[in-house]
Amino acid sequence: TPSPVTVTVTGAAGQIGYALLFRIASGQLIGPDTPINLKLLEIPKAVTAAEGTAMELTDCAFPLLRSIDVTDDARRAFDGTNVALLVGARPRTQGMERGDLLEANGGIFKPQGEAINAGAAEDVRVLAVGNPANTNALITQAHAPDVPAERFTAMTRLDHNRALAQLAAKLDVGVNDIRKLAIWGNHSATQYPDLFHAEVGGKNAAEQVEQSWLADEFIPTVAKRGAAIIEARGASSAASAANAAIDHVHTWVNGTAEGDWTSAGVVSDGSYGVPEGLISSFPVTARDGRYEIVQGLDIDPFSRERIDASVAELTEERDTVRRLGYI
Ligand code: NDP
């Protein structure tokens, strides 16, 4: 049997947490044989609700689930953690300015970064799901100087999966027929889903769709999908977000297929003109437990403009949290 993996989930009593925890405990996060120790972090008033979820997890009698620890203490929650899924965040409420949101989240992610730095396992991998995910990941990373920066990531896999599904429906193919799709930039409405390098049945994807569909339907549909789901469901996407978090970590640990890549928010090394140190989405491969930015792609002017706009937004978010003293 492989060694147990300790997984910390923050915001465990929330909607995404509820859709996520049972899948982790059933073995879908890492692999079907890896035992799991779960640590659930919540704010004090949600600890009882998280304990209720823990009772249900117990009642599933998952063979791989070794332990569940529920706490409101970040130090305890991240002690020895191998995989940290940062789901809990301060949601944007009506009338809230972007700066207020960044401020509230700075207060959450800074202590979590410190706790990860103090006690996480040597191989810790961190995924920020809670929004604004890229900048929350950046704040966390800034407060964990002893952990390699590459271990801090932000989730754009849901955007990637949404783009796969839209393209598959348009071309009437299976999602497995699509390769090399990419999401660039911020997990926000400015993100850029890129079809120019994507392949369907071995042929370029952008050449198989009308330019008008690409620009006026595909890109806005993917970028605004979250809002469309809130509109239809009366609640934000939770199961699909949880599914994407599972995919992100599973791929990180188990690798991408030969000849394919995926999308993730990772620390920029300056590739493609994205300022070094920003956590921005790129096409990435995973090998030997590391995400790496795909190098050497040609970026046409249409893509360039959109990548630059999303990266400018990330730069602004970084400057705001800098001004607020969070990084
Ligand atoms: P959800 O579980 O629905 O969402 C949690 C976070 O994930 C939100 O910031 C949300 O952003 C974000 N998110 C990222 N991608 C998506 C997506 N595609 N669709 C929907 N959400 C996405 O929120 P709940 O309010 O149900 O639960 C949050 C929980 O976190 C609460 O139980 C709260 O107590 C807890 N919390 C815990 C903290 C901690 O552990 N220290 C700190 C703060 C909160 P968006 O708001 O933009 O939808």
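Here are a few friendly questions and answers about this predicted model.

Reader: Which domains does the domain assignment give, and how far apart are their C-alpha centres?
Author: Let's start with the protein chain as a whole. The assignment gives domain 1 (5-154) and domain 2 (157-317). The C-alpha centres of domain 1 and domain 2 lie apart by 23 Å.

Reader: On the side of domain 1 that touches domain 2, how many residues are nonpolar?
Author: In the contact between the domains, 25 residues of domain 1 meet 25 residues of domain 2. Elements giving two or more residues to the domain 1 side include α1, β4 (83-86) and β5 (125-128). That side of domain 1 has 3 charged and 5 polar residues, and its nonpolar residues number 17.

Reader: Which helix gives the most residues to the shell around the ligand?
Author: Both domain 1 (5-154) and domain 2 (157-317) supply at least three residues each to this shell. Of the 28 residues around the ligand, those that come nearest are G11, G14, I16, G88 and A89. With 3 residues, the helix that gives the most is α1 (residues 15-25).

Reader: Is helix α4 parallel or oblique to helix α5?
Author: Helix α4 (residues 98-119) and helix α5 (residues 133-142) pack with their axes 7 Å apart, at an angle of about 40 degrees. Because of that angle, α4 is described relative to α5 as oblique.

Conventions:
Residues are numbered from 1 along each chain as its sequence is written. This is a predicted model: local features need pLDDT of at least 70, side-chain atom pairs count only at pLDDT 80 or more; totals for chains, interfaces and linings use all residues. A residue is near a molecule or strand if its C-beta atom, placed from the backbone, lies within 6 Å of it. Helices (H or I, at least four residues) and strands (E, at least two) are DSSP runs, numbered from the N terminus. Domain bounds come from an automatic or database domain assignment. Axes are lines fitted to C-alpha atoms, for helices over the stretch in contact, and angles run from 0 to 180 degrees between N-to-C directions. Angles under 35 degrees count as roughly parallel, over 145 as roughly antiparallel, 65 to 115 as roughly perpendicular and the rest as oblique. Two residues are in contact if their C-beta atoms, placed from the backbone, lie within 7 Å. Ala, Val, Leu, Ile, Met, Phe, Trp, Tyr, Cys and Pro count as nonpolar, Asp, Glu, Lys and Arg as charged, and the others, Gly among them, as polar.
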